[in-house]
Amino acid sequence: MRFAQIRKTDIANGEGIRVSLYVQGCHRHCPNCFNPETWDFNGGEVFDDEIENILIELINQPHIVGLTILGGEPLEPENRKDISNLLKKVKQHCQNKTIWLYSSYLYEEIEEFDEEILSYIDILVDGPFIDELKDRKLRFRGSSNQRIIDVQLTLKKQEIILYSGSRYYNKELM
């Protein structure tokens with residue numbers, strides 16, 4: 001897997017102060033995508049063990065609430081195995097930190113191809129960016145078709161549960 005960048009502090013892509021990993025590679029190419037520079041699977045840098053260790057150290061800082069993974073498309077077939085392994089390691093080594101993942105795939109599609117990935121994610125922002133549905137007033141998403149899903153409640157209740165905010169967020173870290 002390759003990555004475009006790591007933001008050490010990000011407040012735009014999930015609740016609280018987060019570390020964000022921008023994964024390289026996307027086949028969807030949504031018109032007016034916010035990150036077209038991440039479409040090329042050969043762009044960016046190699047995500048290796050050294051980068052993974054740095055990422056885990058960044059996430060484990062006391063002021064960091066969690067990790068956000070976006071792209072590109074983290075769940076393209078070319079990225080899935082590496083993302084799954086990374087999610088598993090983050091859950092093991094960054095306890096009490098949340099994981100947000102942005103994907104153009106719908107929850108229902110992800111459930112079909114890899115339910116294990118869902119078991120590691122706290123919040124999923126799903127659905128492709130649709131320029132005609134763009135709304136700058138939306139929080140944590142670019143277009144109104146995208147959902148913010150509480151994945152763990154959804155798995156537990158076996159129905160899509162939209163995230164209403166603050167369930168995972170430690171306000172003491174503000």
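Biologist: How do the residues of the lining of the largest pocket divide into nonpolar, polar and charged?

Modeller: This is a predicted model. In it, the lining divides into 15 nonpolar, 11 polar and seven charged residues. Gly counts as polar here. The lining has 33 residues, and Phe 34, Phe 129, Arg 141, Gly 142 and Gln 146 lie nearest the pocket centre. The volume is about 790 Å³.

Biologist: Which strands each supply at least two residues of that lining?

Modeller: E4 and E5 each do.

Biologist: Let us take E4, then. What makes strand E4 mostly covered?

Modeller: Buried means under 20% relative accessible area. Six of the six residues in E4, residues 66–71, are buried. Gly 66, Thr 68 and Leu 70 point one way. Leu 67, Ile 69 and Gly 71 point the other way.

Biologist: Why do the directions alternate?

Modeller: In a regular strand the side chains alternate between the two faces of the sheet.

Biologist: How do you know that E4 pairs with E2 and with E5?

Modeller: Two strands pair if there are at least two bridges between them. E2, residues 18–23, and E4 share six bridges, in the parallel sense.

Biologist: How does the chain get from E4 to E5?

Modeller: The chain crosses through helix H2, residues 77–93, in a right-handed β-α-β crossover.

Biologist: What makes the pairing of the whole sheet mixed?

Modeller: The sheet is open, with seven strands in the order E3-E1-E2-E4-E5-E6-E7. E1, residues 2–10, and E2 run antiparallel, joined by five bridges. In that pair, Gln 5 is bridged to Tyr 22 of E2.

Biologist: Now the charges. Why is the contact between Glu 52 and Lys 89 called a salt bridge?

Modeller: The cut-off is a side-chain nitrogen within 4 Å of a carboxyl oxygen. The closest N and O atoms of Glu 52 and Lys 89 are 3.0 Å apart, so the pair qualifies. The count comes to four salt bridges.

Biologist: What makes Lys 91 and Asp 122 a tie between parts of the chain?

Modeller: Their closest N and O atoms are 2.9 Å apart, and they form a salt bridge. Lys 91 lies in helix H2 and Asp 122 in the loop between helix H4 and strand E6, so the pair ties together parts 31 residues apart in sequence. Asp 122 is buried, with a relative accessible area of 6%. Lys 91, at 27%, counts as partly exposed.

Biologist: How do you know that Arg 147 and Glu 108 form a salt bridge?

Modeller: The closest N and O atoms are 2.8 Å apart, within 4 Å, so the pair qualifies. Arg 147 lies in strand E7 and Glu 108 in helix H3, so parts 39 residues apart in sequence are tied together. Salt bridges that share partners join Glu 108, Asp 126 and Arg 147 into one network.

Conventions
Residues numbered from 1 in each chain as written. Predicted model: local features only at pLDDT ≥ 70, side-chain atom pairs only at ≥ 80, totals over all residues. Heavy atoms only, no water. Buried < 20%, exposed > 50% of the residue type's maximum accessible area, 1.4 Å probe, protein only. Helix = DSSP H or I, 4+ residues; strand = E, 2+ residues; numbered from the N terminus. Right-handed = clockwise from strand over helix to strand, strands pointing away. 1 Å grid on protein atoms, 1.4 Å probe; cavity = no way out; pocket = protein on both sides within 12 Å on 5 of 7 lines; lining within 4 Å. Points joined across faces, edges and corners; volume = space filled by probe spheres on them.
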